Each structure stands twice: as structure tokens, then as C-alpha cells.
Amino acid sequence: MTQPLRVAIVGAGPAGIYAADLLIKSAADVSIDLFEQMPAPFGLIRYGVAPDHPRIKGIVKSLHNVLDKPEVRLLANITIGRDITVDELRSHYDAVVFSTGAVGDRDLGIPGADLEGSFGAGEFVGFYDGNPRFARSWDLSAQSVAVVGVGNVGLDVARILAKTGDELLVTEIPDNVYQSLKNNKATDVHVFGRRGPAHVKFTPQELKELDHSPTINVVVDPNDIDYDAASEEARRSSKSQDLVCSILENYAIRDPKDAPHTIHIHLFENPVEILGRDGHVVGIRTERTALDGKGGVRGTGKFTDWPVQAVYRAVGYRSDAITGLPFDEDAAVIPNDGGHVVDVDGNAVSGVYVTGWIKRGPVGLIGNTKSNAKETIDMLLHDAAKDQLPTPGKGDIVELLEERNITYTTWDGWYRLDAEERRQGELEGRERKKIVEWDEMVNASNSVPVVG
């Protein structure tokens with residue numbers, strides 16, 4: 001009897017789960033072990049999406065259906081490179097796919113970025129999403145805050161900073177997050193982008209949703225609505241970008257609404273320095289830019305100092321290296337040819353693949369991850385069909401985990417953790433309350449249900 005194709009996928013976020021789904025739907029007979037560092041699956045959806053976005057979190061339902069398939073086994077609470085080496089994975093499977101994503105923050109690269117009160121947006125996202133790897137409390141004493149970056153992460157950070165704790169209490173936020181947010185002193189949140197409306201990276205729905213909160217007034221300076229021929233073409237070529245421009249134009253011309261918090265969206269303002277006093281952030285300096293007629297912008301030499309007490313950089317995430325694999329420090333990705341991991345000489349590493357942000361960098365929406373995964377899985381299946389994969393040894397990886405006394409969680413464990421979070425939420429009239437502490441997540445996952 002022919003043995004199924006044994007594949008390990010490292011990273012149980014959307015990229016890894018989409019890869020598993022494509023393998024299952026292929027003509028190949030497959031057996032998939034999905035490894036995850038956290039005690040729970042879903043990656044970016046659980047720990048990177050703002051809690052007041054249930055529409056996006058609905059993606060969990062489709063991911064859930066994949067993990068319910070008999071071809072997939074979840075092995076979570078396992079760190080590859082520490083608990084199990086890359087070479088040990090390769091010896092147990094025909095192929096290994098890395099889809100570990102990105103949680104670190106890219107540097108802003110301007111003076112003052114190391115001042116107290118200067119944060120990476122990813123740090124704040126990790127806090128308010130209850131990621132156990134991040135802080136349990138947050139200093140929200142700043143009344144005026146700057147957010148650098150005009151993508152959806154920047155919007156999420158701005159919106160969370162501008163909402164009240166009570167508005168967010170209906171979501172799944174844990175108690176420690178609520179305690180910090182209810183004491184938030186921010187009244188003005190300034191979002192800065194160096195280019196114009198035709199080149200911001202917001203999605204229309206995210207931008208429009210800023211105005212749904214009764215506590216938030218969104219302001220755009222009419223002088224920031226400007227286009228040249230190249231930016232007009234960029235707008236015409238994308239229905240989504242055209243909608244974004246229209247929404248920004250509407251914010252710019254309308255009367256301000258009476259609300260206690262204001263999000264100011266500043267375009268054509270390039271941050272050049274974070275200003276400090278006694279080691280603390282006291283402002284941010286920007287240089288006014290202007291369209292250059294070629295689709296870019298140029299500096300004008302006009303500088304403005306904005307008094308703020310905190311700065312959040314939302315200029316992109318950065319992936320972490322994995323022990324045992326090559327890593328491009330500048331691009332913060334595993335070197336690859338579109339699917340295969342490649343070594344320092346540019347040669348494909350047999351049986352080792354990448355997909356998602358660790359492959360291409362943190363660009364695109366969650367939906368883009370599907371096409372990215374297809375490219376990788378097509379390569380893997382082609383290699384399998386051509387008998388170009390290494391032959392693994394026999395034995396179940398679980399035997400190695402148990403031999404080393406490594407506590408791992410499973411898909412059945414997720415059902416138990418899910419039930420416990422829902423139970424805790426129901427006590428407060430909410431759908432769910434997220435468990436933050438790592439050990440509590442593991443304990444809930446591995447608890448024995450009480451019968452009777």
C-alpha cells in the first residue's frame with residue numbers, strides 16, 4: 001500500500017492553513033501535521049486583527065473547517081528550532097512548509113525612535129489582542145498621539161486609541177486590556193503619511209468604519225487632497241483606491257462632528273524626527289512633501305513640529321529568523337525562488353518550502369495569502385510527482401515530543417480552550433473573553449472535560 005505524502009507545515013495562521021487546504025484538495029494522498037508556536041491556532045486572525053472587527057474574524061470559520069479535516073493534525077505549543085530542529089522535521093516528513101508570518105516591527109529609521117513613548121504598532125497590537133508574548137499593561141496617558149503609516153494597521157491602532165474602553169468591552173478583549181483602555185487619555189490621534197490620497201494603503205471598509213464610532217471625529221485637511229497625472233492614473237486603475245480617495249475627500253469637506261476624540265489624517269507629511277525631552281517623546285517633526293509629477297513625492301523644505309506625547313510606527317511587520325534555515329536580514333524573509341527555500345548559493349533546499357509573509361514580506365491582504373500558498377503548493381506537488389522529494393525515516397514525530405516531555409496542544413485542545421473562552425465571555429454577556437496567560441491557555445487546552 002502506498003504511503004501518503006507526509007507534510008509538516010510550520011505556522012497555523014491563514015498562510016499555513018490555506019496551504020493545508022490546497023494539499024487536501026489536490027489529487028495527492030496527504031497526511032499533514034500543522035505545527036504552531038502558540039498554544040492556539042489561527043495566527044494573524046487571533047493575534048493581529050483588532051477585536052472590534054468581527055467581520056474579518058469570521059475568516060476563522062473557514063479556517064476552522066480545514067482543521068476539522070481528518071488529513072490534518074494540529075501540534076501546537078511547539079517552537080521549531082528549540083523543541084524540534086529543522087533537520088529533525090526533515091527526517092520525519094517528505095516535505096516541510098514554513099509559514100511563520102511576521103510579528104516584529106520594522107524600524108522607522110529616524111532620530112528619536114528609541115525615546116520612551118515611541119512604540120512599534122505590532123507591540124500595541126500584541127497587547128490589545130491579548131498575545132501572551134507581549135505586555136500585559138500599557139501606558140495610555142498621552143493626550144496627543146502620532147501614528148506613522150497609512151495602512152490598515154495604522155488605522156487599527158488609531159481607532160483603538162480613539163475609542164473608549166467601554167466601547168470595546170463588548171468584544172473579546174481580556175480584563176487587563178480593558179483596564180488599560182478605560183484609562184486612555186488620548187483625545188487627538190494624528191496619522192501621518194508622506195504621500196497623497198492616491199497612494200495610501202487603507203482599504204475602503206476600514207477607512208469608512210472609522211466614522212462609525214460616535215466618540216470619533218475624523219478630520220482631513222482639504223489641502224491634503226491633491227493629485228497629479230500619475231496619481232490620477234493610480235486612482236483610475238483601482239476601484240478600491242478610487243473609493244479610498246472619495247472617502248478621504250468626503251472627510252475633508254464635511255462639517256466636523258461633535259465627538260470627544262479626533263483622528264487627524266495628515267497626508268504629504270513625511271516624519272523626519274521624533275522629538276524628545278528628558279528621554280521622553282514630546283513631539284514629531286515632519287517635512288511637507290509635494291507631488292513630483294512622476295508618481296512620487298519630493299520634500300519641500302517646510303517642516304512642522306507636532307506636539308505629541310507618544311508615537312506608534314506602523315510601517316510594516318518584520319519576520320524572525322528560524323534556527324536552521326537561511327535568512328535575509330535586510331528583507332526579513334527566508335530566501336526562496338517563489339516556493340522552495342534556497343541556500344546561500346541560490347540552490348533549492350530539497351523538500352523545504354515557504355509561504356505567506358515569511359516568503360514575500362508583510363504585504364497584501366489575508367485573501368492574497370491564498371494565491372501565494374497556491375504557488376508554493378504547486379511547486380511541492382510538482383516535486384512529489386517527479387519523485388524529487390527526499391525519503392523520510394519512519395516514526396511519528398509525537399514519539400519524539402513525548403520522549404522529550406514537551407507539552408503540546410492539539411485540535412481537540414483548541415475546542416476545549418474555545419469553550420472555556422466562550423464560557424468566560426458568557427458570564428459577562430459577551431461572545432468570548434480571550435485568555436491571555438500562556439499557561440492558562442495550555443491548561444484549558446489539555447484539561448479533561450467533566451462528564452455527568
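Start by selecting helices α6 and α7, where the crossing of the two is left-handed, a crossing being left-handed if the near helix is turned anticlockwise from the far one by less than a right angle, and right-handed if clockwise. The model in the viewer is predicted, so that local features need pLDDT of at least 70 and side-chain atom pairs count only at pLDDT 80 or more, whereas totals for chains, interfaces and linings use all residues. Residues are numbered from 1 along each chain as its sequence is written, and side-chain values use heavy atoms, with hydrogens and water left out.

**The α6 and α7 pair**

Helices (H or I, at least four residues) and strands (E, at least two) are DSSP runs, numbered from the N terminus. Helix α6 covers residues 121-128 and helix α7 residues 152-162, and the two pack at an angle of about 55 degrees with their axes 10 Å apart; axes are lines fitted to C-alpha atoms, for helices over the stretch in contact, and angles run from 0 to 180 degrees between N-to-C directions. That angle makes α6 oblique to α7, where angles under 35 degrees count as roughly parallel, over 145 as roughly antiparallel, 65 to 115 as roughly perpendicular and the rest as oblique.

Show the side chains next: Ala 121, Phe 124, Val 125 and Tyr 128 of α6 make the contact with Val 153, Asp 156, Val 157, Ile 160 and Leu 161 of α7, contact meaning heavy atoms within 4.5 Å. By class, the contact of α6 with α7 has 8 nonpolar, no polar and 1 charged residues, with Ala, Val, Leu, Ile, Met, Phe, Trp, Tyr, Cys and Pro counted as nonpolar, Asp, Glu, Lys and Arg as charged, and the others, Gly among them, as polar.

**The parallel sheet**

**A hairpin**

Move on to β11 (residues 269-277) and β12 (residues 280-291), an antiparallel pair with 8 bridges, where Pro 271 has Thr 286 in β12 as its bridge partner. The two strands form a hairpin with 2 residues between them, and Asp 278 in the turn has a positive phi of about 55 degrees.

**The two domains**

Colour the protein by domain, with domain 1 as 5-103 + 319-407 and domain 2 as 105-317; these bounds come from an automatic or database domain assignment. The domain centres, taken over C-alpha atoms, are separated by 32 Å, and 22 residues of domain 1 are in contact with 24 residues of domain 2.

**The mixed sheet and its helices**

Now select the open sheet whose 6 strands follow the order β3-β2-β1-β4-β17-β16, with mixed pairing. Here β3 (72-76) and β16 (340-342) stand at the edges with a single partner strand each, so one side of each is left without a neighbour in the sheet. From one strand to the next the twist averages 30 degrees. Strand β2 (residues 30-36) pairs with β3 in the parallel sense over 5 bridges, and Phe 35 stands opposite Leu 75 in β3.

Helix α1 (residues 14-25) packs on this sheet, touching β1 (5-10), β2 and β3, and its direction makes about 175 degrees with that of β2. Helix α14 (residues 368-385) lies across β1, β4 (95-98), β16 and β17 (348-354), and runs at about 145 degrees to β17.

Display α1 and α14 together: they pack at an angle of about 50 degrees with their axes 9 Å apart, and α1 passes α14 in a right-handed crossing.

**Met 379**

Finish on Met 379, which lies in helix α14. Leaving aside its neighbours within four places in sequence, Met 379 is in contact with Asp 337, Gly 338, Gly 339, His 340 and Tyr 353. Met 379 and Tyr 353 are 26 residues apart in sequence and 8.7 Å apart in space, C-alpha to C-alpha.

Definitions and conventions. Pairing = 2+ DSSP bridges.
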